[in-house]
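Hello,

Here is the structure I promised to pass on.

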Amino acid sequence: MLDADARVRGAVRYAVDLELPDMLVAKVLRCSIAHGRIIRLDASEAETMPGVVAVLTAADFDQPGGPSLMYGANIPDQPVVARDRVKYVGEPVAVVAAQDSTSAEAALGAINVEYEEDAAVYGPLEAMTAAAPVLHADHPDNRFVHGKLRHGDVQAGFDAADEVIEETFTSPLAQQASLEPHTAVAQWTDGMLNVWTGAQAPYTVRGVLAEIFGIPPEGVRIIVPNLGGGYGGKGHVRIEPLVAAVAWKATGRPVRLTLSRAEEFVTVTKHAAVITIKTGVKRDGTLTARQVTLYWGAGAYADASPGLIRASVPRSVGPYRIPAVRVDAYGIYTNLPPAAAYRGAMSSQCTWAYESHTDTLARRLGMDPLEFRRQNVLRSGEQYCTGETMHDVHFIECLEAAAEGLGWTQPLKRGSGPARHGRGMAVMLKSTIARSKSECRLVLDADGTLTLYTSTVEMGQGAHTALAQIAAEAVALPLAHVHVVGPDTAITPYDATTSASRSTNMMGTAVLDAAGRLKDRLRQIAAPILEVEAEALSVERGEIFDDSEPESRMSYGEALERSGLDSIEVTGMHATQGGLDPETGQGVATPHWHQGAGACEVEVDIETGKVRVLRFHAASFAGRVVNPSLARLQNDGNVIFGMGPALLEEMVFDQGQLLNPNLSDYMLPSLSDAPEEMGSRLLESSAGEFHGIGEMTLPPVAPAIANAVFDAVGVRIRELPITAERVLRALKGGAGG
Amino acid sequence: MIEFRVNGEVHALDADPARPLLEVLRDELGLRSVREGCGIGVCGTCTILVDGRAISSCLTLAGLAEGMDILTVEGLSEEGALHPVQQAYLDHAAFQCAYCTPGFILATVALLQEAPSPDEATVRAHLAGNLCRCGSYRNILEAVRAAASG
């Protein structure tokens, strides 16, 4: 990485490290009940306490010239702080800004709130029943989105099948759990809002804050330092409205809000999911039809869910040749914290279902899981259930690379005594954002320095390094001459978001576009000096030259100087057009398909049910690898991250109260969980396009492990995480697949 | 008044002895490599060395460090040159977001002082108290192996 030296010196600065003169500390009062009414909220005592500068409550909103209470990029259903109703434990009710955290904490304790509790509902299936309490009056069945896909005659497909198999898979709420907590600093200066925040989508944050405060987007400046991890949890809009609103009351002084770990747990989660998948298959292994019904528990507010749940529709079917497909994906309000993107967004839950199910199908037919997939997996040129033609797809190569790494065809030592070994595999397809845009700016100075202005967020994935490499190669300058600036919405151009593994592809292509323009400009300014037509000039290795006259050449710097220019500035852009019909799911789901696979060997202790992953081999399709070291870290990181929700991670609630809001009771994978052997393969193609690799080997992890558990001990686990208790219970119950 | 040595320098601070050492090092001395992750001593992010032993600074009261010798990553390099463990982490790209990296590096320094040539099981057991959510564990193991043999 460009700043590797700073990283090992502990010198990288994150949002949590921000210090501004005269800065106040914000603390949030959070609701203690899962659902109900606020019948009294009295903050008058808190306002007079020593050190307290501002106390923000819902009463501060919707006044002339003041901020609006309700926001939401998709559905404006969420209050900045609760007004009359509260909908989950941990929902913000008031915010205090004070001189220090002790004063702020004391003030929180002095705010009196009385609630009247209503019945609450926590599971997505329960929330859809007629008896369930209603969270939002305009959605009386608690359903706020219904994504659909209709392709071919599903019933005819089931009728033509030799076997029709239906299974239901569940996946609980989980934590993105970046080790750096959410932090934002806000300051109002002359009617302009400045926010420093650890956010993955600076322009989304800017747009939402501008709407809340009724000011133009240019009146909001978002600056994003390095992130100490994001994984989707810092996507969309998170704590920025809270801190911007309390700063608005603190007139001019900067205010910082850093969440505690317990607050992290109630700020954003992975979607809970219940997924029923039904497939028709012929004895020869041909698939005839598939129906997928997905119930997404989205928490109390829509947040980023509408877009994510629509995106889950094409992500839920799997990379298989199936002539008839029907998908229904429901987004459902529950009395739990809002859910949003989680590394491998929606695909993790979907792949858990369709790849466990694929294994069930193969076993039922008595086929080898790799052979069964080889027979059915989609190849380039074939049609997906969205109606679009697949291009540059290498699902089978990913599977084969993972299988080969593991030694799929080698004999397996089945183990002895209580320790039984098994092998499993899984493959996944994921769409990126169908319609989005990335812009950048390149500035070449006369001293040969190239500066890339980009709103791509550096969150550990090494995006700034990869983009600098792309710029250096395209402009033909040494990497050491390239600097990356951003994100800062006052100076770096628009980018939709750093998520969905889109940055290397989208921003990388924008950089190539800018580099092309920069070279054109260099040709134009050098042409009159060299007395050749601009088209005849080559721009390579830091020089502009005429191929036919080797002496006729000059450096970029010389061309600028002799043209009387200090610098050349160009912009670059890459945009994709696509989208699916909301009623039929037909259209273009993605500009390119994300592809990954995993294969593993596990050991299952039949006396305790404990599952240990001994070896894991992962493969993803990279199109063109920019930085092999960073790319391997993505593949590895996905596997380790994926082992969390596969084996360990589950937010456990009792009546809406989280029982494990800390990293002791909620376990993340450590070195003692890491497989003894890890393999990573990155596949490239002659087409040479950049493909996203930030998530591809994550969704296969849980189903590959579950399939290996089945191979080892013959029980099919359909609930995540695959805990020792679940495996042991399945073993005792004798439940087989 | 609390007095202790930090990165070779003696500091006498007028700080509440009941404050977490983490806060005092960050806020009073500006040592930003000391970072909070979980706040309850289980993630290893805030690891520092106190008299050569790796401890969680979020759980240690500042007053308990009275008279002790504290080392943070800022004090690890000598005259700007990276410590061999830092160099090994850099050479093996053993980080992504790097929020956890100072804690890992100090835990590795403590391990190699105790066991200069640890086997892999020892490394895994010793570093299991440090979490890397980005999942760079393979590279971290490679870095520790290199630092141990180098």
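Below is what turned up, element by element. Keep in mind that this is a predicted model.

**Core.** The largest nonpolar core has 296 residues. Five residues have the most contacts inside it: Val96(A), Val246(A), Ala471(A), Ile705(A) and Val709(A). In soluble globular proteins, nonpolar side chains tend to be buried together. Take Val709(A) as a way in. Leaving aside residues up to four places away in sequence, Val709(A) touches Gly422(A), Val602(A), Val604(A), Val611(A), Val715(A), Ile717(A), Ile722(A) and Val727(A).

**A covered strand.** Look next at strand β16 of chain A, residues 287-299. Is β16(A) mostly covered or mostly open? It is mostly covered, with 12 of its 13 residues buried. β16(A) has two pairings to look at.

- Strand β15(A), residues 272-281, pairs with β16(A) in the antiparallel sense over 10 bridges. Val281(A) has Leu287(A) as its bridge partner in β16(A). The two strands form a hairpin, with five residues between them. In the turn, Gly285(A) has a positive phi of about 95 degrees.
- Strand β17(A), residues 325-333, pairs with β16(A) in the parallel sense over nine bridges. Here Thr293(A) stands opposite Asp328(A) of β17(A). To get from β16(A) to β17(A), the chain goes through helix α9(A), residues 305-315. This β-α-β crossover is right-handed.

**An open strand.** Now turn to strand β8(A), residues 112-117. The number of its six residues that are buried is zero, so β8(A) lies largely in the open. Strand β2(A), residues 36-42, runs antiparallel to β8(A), and six bridges join them. Leu41(A) has Val113(A) as its bridge partner in β8(A).

**A helix to find.** Just after α14(A) comes Glu531(A), with a positive phi of about 60 degrees.

**Where the chains meet.** How many residues of chain A are in contact with chain B? There are 39, and they contact 39 residues of chain B. On the chain A side, the elements giving two or more residues are α1(A), residues 4-8, and α16(A), residues 628-648. α16(A) gives the most, with seven residues. The residues on this side of chain A divide into 18 nonpolar, 13 polar and eight charged.

Best wishes

How values were computed
Residues are numbered from 1 along each chain as its sequence is written. Chains are lettered from A and ligands numbered from 1 in the order in which they are written. This is a predicted model: local features need pLDDT of at least 70, side-chain atom pairs count only at pLDDT 80 or more; totals for chains, interfaces and linings use all residues. A nonpolar core is a set of buried Ala, Val, Leu, Ile, Met, Phe, Trp, Tyr and Cys residues joined through C-beta atoms within 7 Å. A residue is buried if 20 or more other C-beta atoms lie within 10 Å of its own, exposed if 12 or fewer, and partly exposed in between; C-beta atoms are placed from the backbone. Two residues are in contact if their C-beta atoms, placed from the backbone, lie within 7 Å. Helices (H or I, at least four residues) and strands (E, at least two) are DSSP runs, numbered from the N terminus. Ala, Val, Leu, Ile, Met, Phe, Trp, Tyr, Cys and Pro count as nonpolar, Asp, Glu, Lys and Arg as charged, and the others, Gly among them, as polar. Two strands pair if DSSP finds at least two bridges between them. A crossover is right-handed if, with the strands pointing away from the viewer, the path from the first strand over the helix to the second runs clockwise.
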